Amino acid sequence: MAAWTATAPVASGIFGAANIELNINGDSPTHLMGSVENVMPGQSVAGNLLLANEGGVDLRYLMEMKVEGLTNAEGGAGQQRGDATSLGEHLTLTVHSSTTADGVTCGGQAIVSQTMTVGASRAVLTDYRPVAAGASDTICVQATLAANAPIQSRMAQVRVTFIVNAEVV
């Protein structure tokens, strides 16, 4: 019994790893939006977040927030704090798919609006937002202190951390 065989080389394509880099307002991996103080009941403050895909592949992202109440020690010696939990219960975070020009309100349609709960992590953007390689996406974040915020909220402070989770499309 005879067996015939033949071989032919096949060259593979090139394999390479992609680069994923997401910058927020020009910073990577973290960005500090700044502090806002002396907000009165019924007032709001707003700021833009520019999420730039500096990598070589398309991606999409979700965002969540974590809200922490600041203690007296974090506010400096002798500075008293109000009830951060009460403040969080009376602060509403709204995310818009547009920008702010005045630093007070966001324009356009709201994507999500929810109360800031101290001590909890909550989803902010639950629908993926796409960002092509080399492109960017701007969202506006607005915080509004309810007009009926109680006196316990006075002089309280919270720190809001936004966590952006991106993945390749």
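Okay, hi everyone. Some ground rules before we start. Because we're looking at a prediction, local features need pLDDT of at least 70 and side-chain atom pairs count only at pLDDT 80 or more, while totals for chains, interfaces and linings use all residues. Residues are numbered from 1 along each chain as its sequence is written, and side-chain values use heavy atoms, with hydrogens and water left out.

Let's begin with the sheets. Two strands pair if DSSP finds at least two bridges between them. In general, that pairing goes through backbone hydrogen bonds, either parallel or antiparallel.

So, what is the strand order in the open sheet of five strands? Reading across, you get E1-E2-E7-E4-E5, with antiparallel pairing. Strand E1 (22-24) and strand E5 (110-115) are the edge strands, and each pairs on one side only. On average, neighbouring strands here are turned by 20° against each other, direction ignored. For that angle, axes are lines fitted to C-alpha atoms (for helices, over the stretch in contact), and angles run from 0 to 180 degrees between N-to-C directions.

Now walk across with me. E1 joins E2 through three bridges, and isoleucine 24 stands opposite leucine 51 in E2. Next, six bridges link E7 (residues 136-145) to E4 (residues 91-96), with histidine 96 opposite cysteine 140.

Why is strand E2 called largely enclosed by the rest of the structure? Because seven of its ten residues, within 44-53, are buried. Buried means under 20% relative accessible area, exposed means over 50%, and partly exposed is in between, using a 1.4 Å probe and protein chains only.

There's also an open sheet of three strands, E6-E3-E8, again antiparallel. E6 (121-131) and E8 (158-168) each have a single partner strand, so one side of each is left without a neighbour in the sheet. E3 (residues 59-69) and E8 share eleven bridges, and lysine 66 faces threonine 161 there.

Last stop: serine 86, in helix H1 (residues 84-89). Serine 86 is buried, at 6% relative accessible area. Beyond four places away in sequence, serine 86 touches Pro150, Gln152 and Ser153, where contact means heavy atoms within 4.5 Å.

Key. Helices (H or I, at least four residues) and strands (E, at least two) are DSSP runs, numbered from the N terminus.
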